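Thanks for coming. I will go through a few local features and keep it short. Please bring up the structure.

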Amino acid sequence: MQQDLSPIQLTFLGGAGTVTGSKIHIKTAKHQILIDCGLFQGLKQLRLLNWQKPALKLEDLDAIILTHGHLDHCGYLPVLVKNSYDGPIYATEPSRDITRIILTDSARIQMEDAEEANRGGYSIHHPAKPLYDLDDVARTMPLFETHNYGEWVIINEDIKFCFRNSGHILGSAIVELKCQGRTFIFSGDIGQRQPLLMDPPVRLRDADYVIMESTYGDRLHSDVSPYTELAEVVNHTYDKGGVLVIPSFAVERAQELLLLLNTLKEDKSIPPIPVYLDTPMGIDVSDLYLHYHEWHNLTRAECETMMRNVHIIRKFEHTQHVLDTHGPKIVIAGSGMVTGGRVLYYLERLLGDARNTVLLVGFQAPGTRGSLLSSGTDELKIHGAYYKVRAEVRQISTMSAHGDRDDLLWWLQNFKQAPLQVFLNHGEAQASEVLRMEIKDKLKFPVTIAQMGETYYL
C-alpha cells in the first residue's frame, strides 16, 4: 500500500527574522504538532506578540516537542496551557527540569514587575498583570513526558521523532522527525564544535528538510581562549578598583563562568577576588549538573570545583548586602540580556561609576538592555527611571553556547546529499542572509530564510 504523501504544512510562528519566540508548526491532513514554544523578548513589537491570542487551535494540537529549556524556546508554554492546551510536552529529562526553573523564574519576575509597575504607576495598563503566573507554571509541568537521546517516540500514525545531542546546553536536542515517509531535522540551537561543558553536537547524515538556526550566521567567534579573555577583564577591573558585574544566563553560562573563575584563581591568573552568584536560577541549574553528570563532559570533581569559593546569594535581601560591601568583587547575576532579574539592581547602583565594568558574555537580542549596552548607549532605563552609563562595557564571544558561521557549516555539510530544502530560522536578518549565501555558494544546498507567519507546503 502506497503511503499518503499529501502536503505537509510548515509554519514559523516565531523565531523567524528574530532570535526569540521560537515556534514551528507542522500540520498534516490529520495531525498537528509544535516544535518549541518560546517567549518573544527584546523589541516592544516582538514582546507584544506574547499577548496576542495563540495562533493555533489548541484543541487540534497533538503534541509539543521541546528542543531545550531556554526561555526563547519554552517560555510561552504556560500561555498555551492557560488557554486550554493539555496534550504532551516532549523533552529530555534535563530540559524538563531546566524548563521548570526557567518558567518559575519567568512567572515570578512577571508577577514582581506587574506589582512594581502598579506601585510606581508607570504602566499604561490598570492594573498591570503578568502574562502568566506560578499557578499556570504548576499546571504546565505535569504535561511533560521525557525521553533520552536516541529513543524513538511514536506520536501518531503520521509522526515519530528522536532526540539527538545538539551540544548547546544541558539536555538540549536536535529533533529528528519522520513524517509520512519524509525526514525533518530541526536543529534547535547548535553548540560550538568544542563546547566548554557539553559534548559536541551530533552530525546527521540523512534529511529531506533541515530547519536550522542562524544566530551567529554572520560571525566567527574569537580564537582567543576564554580563560585569557576573562582574566584580562577581571585584572583590568581590579586595577581600576571597581566591581565587575556579569549579566549571565542561568543555564550553562553561569556554570562556565564559575568554572573559569575558579580555575583562574587556582592558577593565580587573577587575584583572590570574592565572587558572588546572585541568580537563584543559576544556583538551581548548577545543582542539575551534579545530578545529570552523564549529560555533560565535566567530571564530578569539576562540578564540585565549579561551586567552590563562591558566595551563593539566594534571598533578595542579601543582594542589598552585596551592594553595600566595599572593595573589588565579581558579581554574576541574571539575566543574560539584562531583560530583568537581580542584575538590574546592581546596574542601578554601579552603572554611574567609571571604575566598574559590565561584561556581556552572550548574544544580546535587539531591543534588550544588553543590546543597548553593547551598542554604546549613554543611559539605560531600569524600573521606570534612567541611569547614566559611565561604567566600562566589555563583551566577549568565546563563551557563546551557539556555534558560529563555520560551526554551522561544519554541522550542515555532514549530510551525505543535499536536502530538498534548508530553512534558516532563529537569526536576525543579516545573520540569516550571510549564512544563506555561504550555504548556497559552498555547499550548493537549496536554502531559504524562513518568514514569520508564512506557511510552506512540502
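From H4, the residues Asp 97, Ile 98, Ile 101, Ile 102 and Asp 105 meet Met 281, Asp 284, Val 285 and Leu 288 of H8. By class, that contact has six nonpolar, three charged and no polar residues. Bear in mind throughout that this is a predicted model.

Now the geometry of that pair. Two packed helices are described by the angle between their axes and the distance between the axes. Helix H4 covers residues 93–120 and helix H8 covers residues 280–291; they pack at an angle of about 175 degrees, and their axes are 10 Å apart. Angles over 145 degrees count as roughly antiparallel, and therefore H4 is roughly antiparallel to H8.

Next, the sheet. It is an open sheet of six strands with parallel pairing, and the order is E14-E13-E15-E12-E16-E19. Which strands stand at the edges? They are E14, residues 310–312, and E19, residues 392–395; each has a single partner strand, so one side of each is left without a neighbour in the sheet. From one strand to the next, the twist averages 20 degrees.

Inside that order, E12, residues 243–247, and E16, residues 357–360, run parallel and are joined by two bridges. Leu 244 stands opposite Thr 357 in E16.

Leu 244 also turns up in the surroundings of Lys 329, a residue in strand E15, which spans 329–333. Is Lys 329 buried or exposed? Its relative accessibility is 6%, so Lys 329 counts as buried; the cut-off for buried is under 20%. Beyond its neighbours within four places in sequence, Lys 329 is in contact with Gly 242, Val 243, Leu 244, Ile 273, Pro 274, Tyr 276 and Val 322. Take Ile 273 from that list: Lys 329 and Ile 273 are 56 residues apart in sequence, with a C-alpha to C-alpha distance of 5.6 Å. A polar atom of the Lys 329 side chain lies 2.4 Å from the backbone oxygen of Thr 325.

With 1% relative accessibility, Ser 248 counts as buried. What does the side chain of Ser 248 reach? The backbone nitrogen of Ala 254, at 3.3 Å. Not counting residues up to four places away in sequence, Ser 248 touches Arg 253, Ala 254 and Leu 257, and also Ile 332, Ala 333, Gly 334, Ser 335 and Gly 336.

That is the end of my part.

Conventions
Residues numbered from 1 in each chain as written. Predicted model: local features only at pLDDT ≥ 70, side-chain atom pairs only at ≥ 80, totals over all residues. Heavy atoms only, no water. Axes fitted to C-alpha atoms, helices over the stretch in contact; angles between N-to-C directions. Helix = DSSP H or I, 4+ residues; strand = E, 2+ residues; numbered from the N terminus. Parallel < 35°, antiparallel > 145°, perpendicular 65-115°, else oblique. Contact = heavy atoms within 4.5 Å. Nonpolar A, V, L, I, M, F, W, Y, C, P; charged D, E, K, R; others polar. Buried < 20%, exposed > 50% of the residue type's maximum accessible area, 1.4 Å probe, protein only. Polar contact = N/O pair within 3.5 Å; in protein donor to acceptor, adjacent residues only side chain to side chain. Pairing = 2+ DSSP bridges.
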